[in-house]
Amino acid sequence: MTQPLRLGIAGLGTVGIGVVKIIRRQAALLEARTGRRIEITAVSARDASKDRGVSLKDYAWETDPVALAKRDDVDVFVELMGGHEGAAKNAIEAALATGKDVVTANKALLAIHGQALAEQAEGAGRIIRFEAAVAGGIPVIKSLTEGLAGNEITRVMGVMNGTCNYILTRMEATGQGYNVLFDECARLGYLEADPNLDVGGIDAGHKLAILSSIAFGTKPAFDDVQLEGIQRIELDDIRAAADMGYRIKLLGVAQRSARGLEQRMTPCLVPANSPLGQLEGGTNMVVIEADAVEQVVLRGPGAGEGPTASAVMGDVCDLARGFRIPAFGQPAKTLKEAPAAQTGLPAPFYLRMSLQDKPGALAEVAAILGEAGISIDRMRQYGHEEPTAPVLIVTHKCTRATLDEALDALETTDVVDGTPVALRIEEL
Ligand code: NAP
Ligand code: HSE
């Protein structure tokens, strides 16, 4: 008789308990599909006395996740604690060193230490899987590594942080400002323990770094992701974008060209009628473009107990079936170093700035943009009561590097108040 697959689960929070529930609720289905019973032998979390809403009495308890990872009665170590250093990293390394396969949902860990962990796993003949690390319940890693394995990927992009998309879409729908909606997310429990991971674009940047590595056969390079958060987006930006037929999204784009590997996770204007523009609330979307298939759009819940546990279980079922694939879709030693593209392809940009309401102010802005070779496509100045006037400008195509030089020059003048907001307009 086939032996059961024995899991040790470290982390019994939102995702960990979701996994326990699926394994208990769907035992027969999982066995029918994989040909093996999937059992939990031991679990770990910080507080053994916490009521987690499900009975854990059938499982051995380990307070130390490293001890759990090393247990002889565990075949697969399931890491659902989070954090890119400390307990999660130590326990995964211990699991691989003691002959366990690993399943994790930890995007920060994979984006930062993915290469070293993949090499350790392969050196030990073990497997590390992390479907849940990117876009929650959407099987995007499986799509790239399996279904699209025959394609050369040309571009991967998407909205991969539900909290940011929730804030941005609710700003438009309710007319409430960023701070009000940030507080609403805190009340609803949507924010990471460090909210800057969400609103600073870091969480989504981790996800993009993982996807780029798989898509382009490169070592995960989170430090090369150009990151910008949504904290400076104001209702005026949302309204102006809507007036022009756009929506603002925290958009991740990864593409490889002769200029190098471009990875950016920044707020952008996208056409309101595009699939990405129509994405509401906490939902995620990943768009994959490739030579043979052309375009695939994946949409689904990017977070939460059920969706994230669903992705974890996809990996667990693969291991139960004996399906083994390298972490980033090809052997870790064959992943290439990719030089980061120094600047993205030219695009139009949306600019918002506060100008001193005095003669010659607009002329000075136009002159600085003109000297940088940046042509103005559209411009608006709104009525105002303050001594400064809000001015919106849409440029013709230019590179971000050229624009940044012009923005630096604008900031040194005495007509521009504060730092202008500059958002790329992404025609999809
Ligand atoms: P969570 O609710 O905060 O749960 C974390 C769990 O880990 C808790 O049970 C905690 O124990 C345990 N833990 C933390 N540090 C520990 C340590 N040093 N030793 C032992 N146990 C420790 O987190 P989560 O939302 O389930 O997220 C888990 C992972 O999934 C993270 O990597 C996260 O980024 C990823 N993820 C989450 C989602 C989501 O929707 N939540 C989506 C995609 C990916 P106590 O309960 O005793 O405090
Ligand atoms: N904080 C993440 C989000 C959840 O808002 O999408 C899990 O990745």
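## Ground rules

The model is predicted: local features need pLDDT of at least 70, side-chain atom pairs count only at pLDDT 80 or more, and totals for chains, interfaces and linings use all residues. Residues are numbered from 1 along each chain as its sequence is written, chains are lettered from A and ligands numbered from 1 in the order in which they are written, and side-chain values use heavy atoms, with hydrogens and water left out.

## Domains

The protein chain is split into domain 1 (5-138 + 309-334), domain 2 (141-301) and domain 3 (349-425). These bounds come from an automatic or database domain assignment. Taken over C-alpha atoms, the centres of domain 1 and domain 3 are 50 Å apart.

## Ligand 1

Ligand 1 has 22 residues around it. A residue counts as near if one of its heavy atoms lies within 4 Å of the molecule. The closest are Leu12, Val15, Asp47, Arg52 and Gly304. By class, the shell has 10 nonpolar, seven polar and five charged residues. Here Ala, Val, Leu, Ile, Met, Phe, Trp, Tyr, Cys and Pro count as nonpolar, Asp, Glu, Lys and Arg as charged, and the others, Gly among them, as polar.

Polar contacts are pairs of N or O atoms within 3.5 Å; within protein, one must be able to donate a hydrogen and the other to accept it, and residues adjacent in sequence count only if both atoms are side-chain atoms. A polar backbone atom of leucine 12 is 2.9 Å from an oxygen atom of ligand 1. For lysine 50, a polar side-chain atom lies 2.9 Å from an oxygen atom of the ligand. For lysine 107, the distance from a polar side-chain atom to an oxygen atom of ligand 1 is 3.2 Å. On its own, ligand 1 exposes 900 Å², and the protein buries 78% of that. Accessible areas come from the Shrake-Rupley method with a 1.4 Å probe; for residues, only the protein chains shown count as cover.

## Ligand 2

Lys107 turns up again here. The residues around ligand 2 are Lys107, Asn161, Gly162, Thr163, Glu192, Asp198, Asp203, Lys207 and Ala303. One is nonpolar, three are polar and five are charged. Helix H7 (162-174) and helix H10 (202-216) each supply at least two residues of this shell. Helices (H or I, at least four residues) and strands (E, at least two) are DSSP runs, numbered from the N terminus.

An N or O atom in the side chain of lysine 107 is 2.6 Å from an oxygen atom of ligand 2. Glycine 162 uses its backbone: a polar atom there is 2.8 Å from an oxygen atom of ligand 2. Aspartate 198 has a polar side-chain atom 2.6 Å from a nitrogen atom of ligand 2.

## Cavities

Rolling a probe the size of a water molecule over the atoms shows where empty space is left. On a 1 Å grid over the protein atoms alone, a cavity is a set of points where a 1.4 Å probe fits but cannot get out, and lining residues have an atom within 4 Å of a point. Grid points are joined across faces, edges and corners, and a volume is the space filled by probe spheres set on the points. The structure holds three cavities of 30 Å³ or more.

The largest cavity holds about 90 Å³ of space. Its lining includes Gln226, Glu262, Arg264, Phe349 and Arg424. By class, the lining has four nonpolar, three polar and five charged residues. Strand E10 (260-271) gives the most, with four residues. Domain 2 and domain 3 each provide at least three residues. The second largest cavity has about 70 Å³ of space. Among its lining residues are Ile128, Phe130, Ile141 and Asp315. That lining divides into six nonpolar, one polar and three charged residues.

## Second largest pocket

A pocket is an open set with protein on both sides within 12 Å along at least five of seven lines. Of its 16 lining residues, Asn151, Ile153, Ile214, Ala215 and Phe216 are the closest to its centre. H6, strand E7 (153-159) and H10 each give two or more residues. H10 gives the most, with three.

The lining has eight nonpolar, six polar and two charged residues. Domain 1 and domain 2 each supply at least three of the lining residues.
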